[in-house]
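Subject: Handover of the structure

Hello,

I am handing this structure over to you. Please open it and keep it on screen while you read. My notes follow below it.

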Amino acid sequence: MKRIVCLLVALCALLLISAVAESGFALDPARINEAAASVVILEQKDEEGNPIARASGFAAIEPGLVVTSASFIQDAETIVAVTDSGETLSVSGILGCNTDSDVAIIALEEKDKLPLLPIDAEKRVLRGSDCVVVGAQGENISVSIGNMSGFFEEEDISLIQFTAPLSVGSGGSPLFDENGNVAGITTGFYYDGTGVVQNLNFAVNITEALSLYEIIKEDEVA
């Protein structure tokens with residue numbers, strides 16, 4: 001009898017592990033929290049060192065690089081990056097900025113502090129699949145979950161529409177697909193002028209950041 005009970009317990013454990021594995025990134029809090037270690041809150045500072053604006057960014061492509069929103073950093077004088085654990089990292093400079101696609105790549109002085117996030121550069125994401133946004137919503141890094149709503153091109157920029165909630169400060173966050181790969185960089189949400197939330201949020205496809213990186217590698221004007 002004891003052996004039968006042990007076998008049943010082992011079988012239940014295997015079924016539970018299989019269910020978690022098949023549930024995807026959005027239903028795996030451990031993987032989401034692990035990914036959060038690669039996300040930073042970017043703070044613009046005034047002359048006295050007080051934060052005046054916040055956005056999000058994430059480590060990707062190569063060590064020491066952070067992908068974020070161009071609209072946040074293009075006029076910034078001083079920026080610091082704050083990790084999920086509260087550590088402050090120094091930003092050494094802006095490597096590239098594309099205001100058309102709203103994508104920027106900045107460099108950290110501490111190159112090995114943040115693990116790199118995996119990227120889906122093949123555009124394999126399906127409409128209706130789960131998605132996760134990890135980024136600054138308020139003063140902390142938060143998680144929101146939704147679905148991929150659609151994919152389209154606008155003025156030669158590849159965009160993703162999704163339903164995971166955004167708020168002020170979450171621009172530049174990684175948009176994860178159901179496999180835990182970064183599919184896009186959050187850029188904004190739809191506002192109809194009435195204050196009604198339509199749950200229409202948008203991200204620039206991660207391929208736009210990869211294109212900007214290729215320009216940077218060639219030492220061209222970025």
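In these notes, two residues touch, or are in contact, when they have heavy atoms within 4.5 Å. Keep in mind that this is a predicted model.

**Ser-170**

Start with Ser-170. Which residues does Ser-170 touch, leaving out those up to four places away in sequence? They are Ser-56, Ala-136, Gln-137 and Thr-186. Ser-170 itself sits in a loop, between strand S9 (157-162) and strand S10 (174-176). Is Ser-170 buried or exposed? The cut-off for buried is under 20% relative accessible area. Ser-170 has 2% relative accessibility, so it counts as buried. Its side chain also has a polar atom 2.5 Å from the backbone oxygen of Ser-167.

**The whole chain**

Now step back. The chain has four helices and twelve strands. It has 222 residues, and 43% of them count as buried. Next, take the contacts between residues at least 6 apart in sequence. Of these, 58% join residues at least 24 apart. The chain exposes about 11800 Å². Carbon and sulfur atoms supply 52% of that area.

**Aromatic pairs**

A pair of aromatic rings is described by the distance of the centres and the angle of the planes. How many aromatic pairs does the structure hold? It holds two.

One is Phe-25 with Phe-176. Their ring centres are 5.0 Å apart and their planes meet at 40°, so this pair is tilted. The pair links distant parts of the chain, 151 residues apart. Phe-25 is in the loop between helix H1 (2-23) and helix H2 (29-36). Phe-176 is in strand S10. Phe-25 counts as buried, at 2% relative accessibility. Phe-176 is buried too, with a relative accessible area of 0%.

Phe-152 and Phe-202 also form a pair, and this one is edge-to-face. The centres are 6.1 Å apart, with 90° between the planes. Here, too, distant parts of the chain are linked, 50 residues apart. Phe-152 belongs to strand S8 (residues 140-154), and Phe-202 to strand S12 (residues 197-205). Phe-152 is partly exposed, with a relative accessible area of 28%.

Where is Ile-119? Look in the loop between strand S6 (103-108) and strand S7 (130-137). Ile-119 is partly exposed, at 26% relative accessibility. Its contacts, not counting residues up to four places away in sequence, are Ala-60, Ile-61, Asn-181, Val-182, Ile-206 and Leu-210. Compare Ile-119 with Gly-180: they are 61 residues apart in sequence, but 8.7 Å apart in space, C-alpha to C-alpha.

Ile-61 is in the loop between strand S2 (51-59) and strand S3 (65-68). Its relative accessible area is 25%, which makes it partly exposed.

**Asp-102**

Asp-102 has a positive phi as well, of about 60°, and is not a glycine. Asp-102 lies in the loop between strand S5 (88-98) and S6. Asp-102 counts as buried, at 12% relative accessibility.

**Helix H4**

Which residues of H4 are buried? They are Ile-206, Thr-207, Glu-208, Ala-209, Leu-212, Tyr-213 and Ile-216. An α-helix has 3.6 residues a turn, so residues three or four places apart point the same way. Look at H4 on screen with that in mind. Just after H4, Asp-219 takes a positive phi of about 60°.

**Cysteines**

A disulfide is a covalent bond between the sulfur atoms of two cysteines. How many disulfides does the structure hold? It holds zero. Cys-97 is partly exposed, with a relative accessible area of 24%. Cys-131 is buried, at 0%.

Over to you.

Best wishes

Methods
Residues numbered from 1 in each chain as written. Predicted model: local features only at pLDDT ≥ 70, side-chain atom pairs only at ≥ 80, totals over all residues. Heavy atoms only, no water. Buried < 20%, exposed > 50% of the residue type's maximum accessible area, 1.4 Å probe, protein only. Helix = DSSP H or I, 4+ residues; strand = E, 2+ residues; numbered from the N terminus. Disulfide = S-S within 2.5 Å. Areas by Shrake-Rupley, 256 points an atom, 1.4 Å probe, with all protein chains shown as cover. Polar contact = N/O pair within 3.5 Å; in protein donor to acceptor, adjacent residues only side chain to side chain. Phe/Tyr/Trp six-rings, centres within 6.5 Å; stacked < 30°, edge-to-face > 60°.
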